[in-house]
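Welcome! Please take a moment to look over the sequence and the 3D view, and then we can walk through some features together.

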Amino acid sequence: MRDRTGESIAGRGPGVLTEPEAVPARGIDRRRLLKFAGATLALMVSPVGHAAPASLLAVRVWPSAEYTRITLEGSSTLRYSHMLVPDPDRLVVDLEGIHLDSVLQSLPSKVMESDPYIRLIRAGQNRPGVVRVVVELKAPVNPQVFTLAPVGNYGHRLVLDLHSTEEHDPLLALIMKDSPMDAAAGDTGQDSSQASVADSRNSPAERNTARRADPNVNRLFTVVLDPGHGGEDPGAVGAAGSYEKNVTLSIARRLKRKIDAEPSMRAVLTRDGDYFVPLQQRVARARRVRADLFVSIHADAFVKPEANGSSVYVLSERGASSTAARWLAQKENDADLVGGVNLARQDGHIARTLLDLSQTATINDSLKLGRAMLGEIGGINRLHKQDVEQAGFAVLKAPDIPSVLVETAFISNPQEERRLNDEAYQEKMANALLRGIKRYFEANPPAGPTRVAQLG
């Protein structure tokens with residue numbers, strides 16, 4: 001038997017009462033009848049006899065251009081049903097066993113005007129024991145609704161991911177330029193509209209001279225930058241309350257601007273806002289844009305605040321190079337549990353690809369990149385380890401892209417936490433990473449078919 005949400009009533013476990021089986025009247029004496037009645041009454045009034053009502057602990061909204069996530073966190077498993085309603089577009093979610101309280105009433109204030117998908121959210125008591133949440137949408141969405149078991153500091157979560165009905169394509173965003181020249185020449189501090197206006201004001205001779213001055217570029221090197229954590233997953237938290245996810249995004253954005261300003265180089269971010277991207281999607285995006293390099297940016301943490309310094313890690317085929325590297329890899333690989341992944345949506349083919357560790361050549365190239373970066377980082381910060389470390393980081397498992405994970409400093413160290421939040425240090429770190437990338441490309445120029453039109 002199933003309820004209105006499609007959940008099997010029989011599968012709800014203890015605390016859900018069904019009609020008791022009929023007891024044959026023949027052969028039952030008074031003592032047995034009293035025992036049966038007493039047991040039934042005890043079950044009805046005991047805590048086991050009724051499921052404890054769930055209460056909402058928090059509601060959070062994480063908007064981004066890619067998708068918006070709504071998280072409802074409860075004290076126990078949240079029972080729900082949902083449906084899409086057109087004209088106008090709305091997502092309706094009914095929460096069972098919930099009473100309208102101040103947490104739910106705060107939902108409207110969580111929505112930003114700039115949210116690309118949500119116009120507003122409202123909640124009301126639909127009927128006794130059922131609260132209805134209505135998400136008014138700005139455009140049609142493809143919703144993914146799922147629950148997450150408690151992990152870390154989070155309780156039971158109901159997650160509503162609102163994806164565009166049009167698939168986000170990072171490769172298309174990368175190549176959407178006015179010309180191959182724009183794609184290869186890098187940023188000049190002007191946007192395309194400003195450049196077009198300036199070009200139109202020049203004489204034909206001036207425009208031809210400017211074009212002849214452009215660099216002779218015949219290949220576009222693509223570097224994917226991966227700011228660790230995001231959204232529901234804050235990463236490590238410093239003593240002063242700094243979140244790793246914010247530090248990594250700031251450094252990645254600075255590095256992206258520097259790479260984009262380089263002739264023949266272009267950077268792509270796996271996330272460009274405070275939202276969560278599953279580990280395997282980060283790798284898949286790098287492969288989709290045919291990245292030449294993958295750089296995952298993090299801020300380290302340890303139980304002892306004295307730990308300090310920067311580190312660089314690459315994937316290991318046979319196990320971690322140290323106990324500390326193994327511990328760090330496990331911590332970073334748990335990001336999917338904290339950030340919240342809809343397991344029903346995981347691609348089996350990609351998962352099998354990520355488990356393929358027969359990539360000796362790629363790991364050797366990753367070590368070369370890691371050593372080049374470590375040499376540059378050592379000029380701005382103490383190195384926690386003098387050599388590149390290795391461990392089984394899930395985010396480094398692209399079988400055909402040299403990949404490194406950079407721990408920029410220990411956010412758990414109060415002094416380094418202050419440095420990580422300092423714009424000058426972030427600039428120094430971005431410059432050091434850029435120098436390491438350029439050193440690697442100079443010594444190991446990528447060979448492959450990815451080319452852009454010859455300039456000049």
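## Helix 8 and what follows

Arg 290 comes after helix 8 and has a positive phi, near 55 degrees. Keep in mind as you look around that this is a predicted model.

Helix 8 itself covers residues 279–288, and Arg 282 is found there. Which residues of helix 8 are buried? They are Leu 279, Gln 280, Arg 282, Val 283, Arg 285 and Ala 286. In an α-helix there are 3.6 residues a turn, so residues three or four places apart point the same way.

With a relative accessible area of 2%, Arg 282 counts as buried because the cut-off is under 20%. What does the side chain of Arg 282 reach? At 2.9 Å lies the backbone oxygen of Pro 227.

Four strands make up an open sheet, arranged in the order 3-4-6-5, with antiparallel pairing. The edges are taken by strand 3 (79–85) and strand 5 (118–127); each has a single partner strand, so one side of each is left without a neighbour in the sheet. On average, and ignoring direction, neighbouring strands of this sheet are turned by 15 degrees against each other.

You can follow one of these pairings residue by residue. Strand 3 and strand 4 (residues 90–96) run antiparallel and are joined by seven bridges. One place to look is Arg 79, whose bridge partner in strand 4 is Glu 96. In general, the strands of a sheet pair through backbone hydrogen bonds, either parallel or antiparallel.

## Aromatic neighbours

How many aromatic pairs does the structure hold? There are three. Tyr 440 and Phe 441 make a tilted pair, with 6.0 Å from centre to centre and 55 degrees between the planes. Together with Phe 221, Tyr 440 and Phe 441 form one aromatic cluster.

Are Tyr 440 and Phe 441 buried or exposed? Tyr 440 has 5% relative accessibility and so counts as buried. Phe 441 is buried too, at 8% relative accessibility.

## A loop residue on the outside

For a contrast, find Glu 306 in the loop between strand 11 (293–300) and strand 12 (311–315). Its relative accessible area is 57%, which means that Glu 306 is exposed. Along the chain, Glu 306 and Glu 416 are 110 residues apart, and their C-alpha atoms are separated by 10.0 Å.

## The chain as a whole

Stepping back, the chain holds 14 helices and 14 strands. Of its 456 residues, 44% are buried. Among contacts between residues at least 6 apart in sequence, 75% join residues at least 24 apart.

## How confident is the model?

The chain has a mean pLDDT of 76, and 65% of its residues reach 70 or more. Where does the pLDDT stay under 50? One such stretch is residues 203–217, where the model has 15 contacts beyond four places in sequence. Another is residues 346–358, with pLDDT below 50 and 17 contacts in the model beyond near neighbours in sequence.

Notes. Residues numbered from 1 in each chain as written. Predicted model: local features only at pLDDT ≥ 70, side-chain atom pairs only at ≥ 80, totals over all residues. Heavy atoms only, no water. Pairing = 2+ DSSP bridges. Helix = DSSP H or I, 4+ residues; strand = E, 2+ residues; numbered from the N terminus. Axes fitted to C-alpha atoms, helices over the stretch in contact; angles between N-to-C directions. Phe/Tyr/Trp six-rings, centres within 6.5 Å; stacked < 30°, edge-to-face > 60°. Buried < 20%, exposed > 50% of the residue type's maximum accessible area, 1.4 Å probe, protein only. Polar contact = N/O pair within 3.5 Å; in protein donor to acceptor, adjacent residues only side chain to side chain. pLDDT = per-residue confidence, 0-100. Contact = heavy atoms within 4.5 Å.
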